[in-house]
Amino acid sequence: MSSVTHPQPMSSISTGRLALFVTLGTESVFFATLLVAYAALRGQVNWDIPHTLSRLTIPLVNTGILLISAMMVWWSSRAIRRGQASSLRSGLLVSVLLGLCFVAGQIIEFNQAGLRIDDQAFGGVFFTLIGFHALHMLAGVFFLGLNLVRANLGDFSVDRHEAVELGSGFWYYVTAVWVVLFLALYIL
Amino acid sequence: MMVEQAQPILQTRKNRLPGLVSWLTTVDHKRIGLLYLYSAFFFFILGGIEALLMRIQLALPENKFLSPDTYNQVFTMHGTTMIFLVVMPMATGFGNYLVPLMIGARDMAFPKLNSLSFWTFLFGGAFMYSSFLLGGAPNNGWFSYAPLTEKLYSPTHGMEFWSMGILLLGFATTIGSINFIVTIIQLRAPGMSLLKMPLFVWTSFVTSFLAVFSLPSLTTAVLLLLLDRQLGAHFYNVTEGGNALLWQHLFWFFGHPEVYILILPAMGIVSMVIPTFSGKPLFGYSAVVFSAIAIGFLGFTVWAHHMFATGMPDTALLFFSADSFLIGVPTGVKIFAWLGTMWRGKLRFTVPMLFSIGFISMFLIGGLDGIHLAVVPVDWQITDSYYVVAHLHYVLFGGAIFGLFSGVYYWFPKMSGRRLSESIGKRHFWLMFIGMNMVFMPMHILGILGMPRRIYTYSSGAGWDIWNFVETIGAGIIAVSFLIFLINYVVTIRSVPTHEADPWDGTTLEWMIPSPPPVYNFAEIPSVRSLRPLWDEKHPELADWRDDA
C-alpha cells in the first residue's frame, strides 16, 4: 500500500537540490558567455585602469565581506542541522546585511572606477558583469531574507530546513562567481 | 485491487473553479500541455499566413503585393514564430502531457512553475505580435545580425519587441526545461531505470538539457543588444571598440543546439510511433538513446558552421566542417534504427505512421542538404541562398512539423477520447507531403541558380520565375492540407467519444489508463520491469523482462 501513495523514488537526490543544481548550471553558462564577451572585447581596447593596490581597495574589501558572509551562511545552516534556531536567525541576519553592504560597495566601486556604460565597449562589459552579478546578489539577499522571515516564524527545524540549505547553496554560488569575476576583472 | 483503498487520496485535488477559470488557473500537466498545444497551433496559423504572404509576393517577378519593409517584418516574424512560438511550445506541450504519463507520475515535479512557464510563453508571444500594431514588427530576420540591429540601422522599436520577447520566451523555456529534468530524474515509476524510459522521454530529457545550457548564450546576446540600444553601450559597435561577430558567436552557440531542441522531440515521437505500427520493439533502443545524447553534445560544438563566410582561420573552418559531418553519424544511427524497426514488421499504415514515414524521408533529404552545407567551399557558394532555406525547411517542416503531426494523430485519442478520422487524415498527409515538396524542392535549384534568401522581389529572366511560381502553388496546397486538418479536428471533436484507452495496441504506460486520463493519471503507481510495460501486461508469457532475466 505504501507504494501506492509514496512510491519509492528512482533517485536519491532531493528534488529542490536537483532543481537548484540545474538552475545554477544555466546561470553558469550565462556568466561564462558574459566572460566570453569580456574576453573578446578586452583585446580590442586599451584598458588603462592601473593595477595598483589603491584601485583594488574596494574590490578587496568587498571580496572579504562576501567571503565572511558565505562563512556566516555556512555557519547558520550548520546551526539548523544541529537544531539551533537562534543561531540560524542571527547567522542569516548578518549574511543579509553583509550582502547589502557588498552591493552598496559595488555601486561605489563602479562610480569610482570612472567608467561609464557608454564609454567604450569595455565600460559596457565591466558594467554588465558587475551589474548582473549584483542582481544575483540581490536575489540571494531576497532568498536569505525570506529564510530569515521563515526562521523567525519558526518554520525550520532539524528535520525540515531544505530552504535553508538551498539558500546557502545559492549564496555559495554567487560568492564563487564573484571570485571568478574578481580574478578576471582585476587580477588577470 | 488496492485502487479502492487509494481513492480518498486520489480525489483530494479537485477543480473547484468552473469552466474557463479552471483553465486559467490550472496546474495540471495535461491541461497545461493542451494549452501549449492549442496556443502553438494558433501561432502556427499566424506563421503560416506570414509564409503565404511571402509566397504571394514572390510568385511573380517585380511583384508589388508587399512593400520591402513589410516583407522584412513578415519573414522575421515567420522565422521567429515557427521556431519559438510553434515548434518549441508544441514539443513542450507534448512533453507536458506525455512525460508524466510515460514515466508513471501524477504530475510534473513543479506544477505551479509549469503554469508560470506556459503563461510567460503566451505573454511573450503576444508581446512580440503586439509590435505589428505598435510601430512595426522586428525586421532583421530571426537571427538579427549585429550591427544591423543597432539603433542607427533599426530605428523602430521592433528590435525591442523582439529582444524582450526572446528574453520572456527564453525564461519560459528555461524554467520549463528545469521542470522536465527534475521530473524525469525524480518521478519515474518504481523500476523505470534510465534505460527503460520511453524514447520520447529520453528526447525530452536531452532537449531540456540543450535548452538549459544553450539559452543563456542567447540571453546574453540579447541583453547586450538591449544595453547597446537603450543605454548606449557599444558591444556590437565596431567603431567604438565593439565586436559585431560577437553577436554571431553568442547567437549560434545557442542557435545550433536550438536546431536539436526543435528536432529531437519529433525524433522521440517518431521513435514511439514506428514501433507501435510495426508491431515490434524499437530496433537498437540503446543505440538510439546514445545517439540522442551524442547529438546533444555535438550540437554544442558546431555553431561556427553558420559562419563559414565570416573569414575564419583555415583551422577553424576545418574543425567546424569536420565536426558538422560527424553529426551525420548519430543521425544516421537513428534512421537505420527506424528502418530496422519497420523491417519485416507487421506494418499498419495509419495516419500517424504515414507522418512518421514522411518524417524519415523528408528529414533524410534535409540532413543530406546539411552535409552539402558543411562542405566549406560549397557553403561559400550557396550560403545565404535559397539552398539554405530548402535545407532548413526539409529538417524543420519535413522533419519537426511532420513528426509533431504524427504525434497529434497518435495521441489525439489519449487526449480527447476520440480518434481523428483516418480518411480525412490521409488526405491531409498526402496534400501536405506533395505541397511541401513543391515548395521546398525547387528552392534547391533556386539556391544553386543564385537566388539570395530574404530578397523581397526579383527581376524576370534569371530562370527563377517558374520555380517561384511552382513554390507558391505548393504553399497553397500546404494551406489547403492544414484546412483539411482543421476540418478533421472539428468533425472529430464533435463526435461521440469512444474513450478507447489503447486504440493503437500501444506498449507504453500512457495507454494503460483511461482516455482522457483522470486528473491523478494513475490510480495505482505502476511498477515497470521493461521498456514495454503494457506489452508485458498484455503478453505475460512473452514479457520483455523475461529476456533480460
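Predicted model: local features only at pLDDT ≥ 70, side-chain atom pairs only at ≥ 80, totals over all residues.

Biologist: Is Gly123(A) buried or exposed?

Modeller: Buried, because 22 other C-beta atoms lie within 10 Å of Gly123(A) and the cut-off for buried is 20 or more.

Biologist: And what does Gly123(A) touch, not counting residues up to four places away in sequence?

Modeller: Leu115(A), Arg116(A), Ile117(A) and Asp118(A). Ala113(A) is ten residues from Gly123(A) in sequence, and their C-alpha atoms are 9.7 Å apart.

Biologist: Stepping back, how many helices and strands does chain A have?

Modeller: Six helices and zero strands. Following the sequence, chain A reads α-α-α-α-α-α.

Biologist: What share of chain A counts as buried?

Modeller: 34% of its 188 residues. As for contacts in chain A with a separation of 6 or more, 78% of them are between residues 24 or more positions apart.

Biologist: OK, over to chain B. Where does Ala211(B) lie?

Modeller: In helix α7 of chain B, residues 199-231. Ala211(B) is buried too, as it has 26 other C-beta atoms within 10 Å.

Biologist: Which residues does Ala211(B) touch, leaving out those up to four places away?

Modeller: Thr173(B), Thr174(B), Ser177(B) and Ile261(B). There's also Ile175(B), 36 residues away from Ala211(B) in sequence, with 9.8 Å between the two C-alpha atoms.

Biologist: How do α7(B) and α8(B) cross?

Modeller: At roughly 165°, and their axes come within 8 Å. Angles over 145 degrees count as roughly antiparallel, so that's the label for α7(B) and α8(B). The crossing of α7(B) past α8(B) is left-handed. Sorted by type, the residues of that contact are 22 nonpolar, eight polar and one charged.

Biologist: Now another pair in chain B. What's the angle between α4(B) and α13(B)?

Modeller: About 30°, with the axes 11 Å apart. Helix α4 of chain B is residues 68-103, and helix α13 of chain B is residues 386-416.

Biologist: Roughly parallel or roughly antiparallel, then?

Modeller: Roughly parallel, because angles under 35 degrees get that label. Here α4(B) passes α13(B) in a left-handed crossing.

Biologist: Which residues make the contact between α4(B) and α13(B)?

Modeller: From α4(B), you have Val87(B), Met90(B), Phe94(B), Tyr97(B) and Leu98(B). α13(B) brings Leu396(B), Ala400(B), Leu404(B), Gly407(B), Trp411(B) and Met415(B). By type, that contact splits into ten nonpolar, one polar and no charged.

Biologist: Switching to the largest nonpolar core, which members touch the most others?

Modeller: Val87(B), Ile103(B), Val201(B), Leu262(B), Ile263(B) and Val270(B), out of 209 residues in that core. Helix α8 of chain B, residues 244-278, supplies the largest share of this core, with 21 residues.

Biologist: Last one: what is Ile263(B) in contact with, beyond its neighbours within four places in sequence?

Modeller: Val395(B), Gly399(B) and Ala400(B).

How values were computed:
Residues numbered from 1 in each chain as written. Chains lettered and ligands numbered in written order. Core = buried A, V, L, I, M, F, W, Y, C linked by C-beta atoms within 7 Å. Buried ≥ 20, exposed ≤ 12 C-beta atoms within 10 Å, placed from the backbone. Helix = DSSP H or I, 4+ residues; strand = E, 2+ residues; numbered from the N terminus. Contact = placed C-beta atoms within 7 Å. Axes fitted to C-alpha atoms, helices over the stretch in contact; angles between N-to-C directions. Parallel < 35°, antiparallel > 145°, perpendicular 65-115°, else oblique. Left-handed = near helix turned anticlockwise from the far one by under 90°. Nonpolar A, V, L, I, M, F, W, Y, C, P; charged D, E, K, R; others polar.
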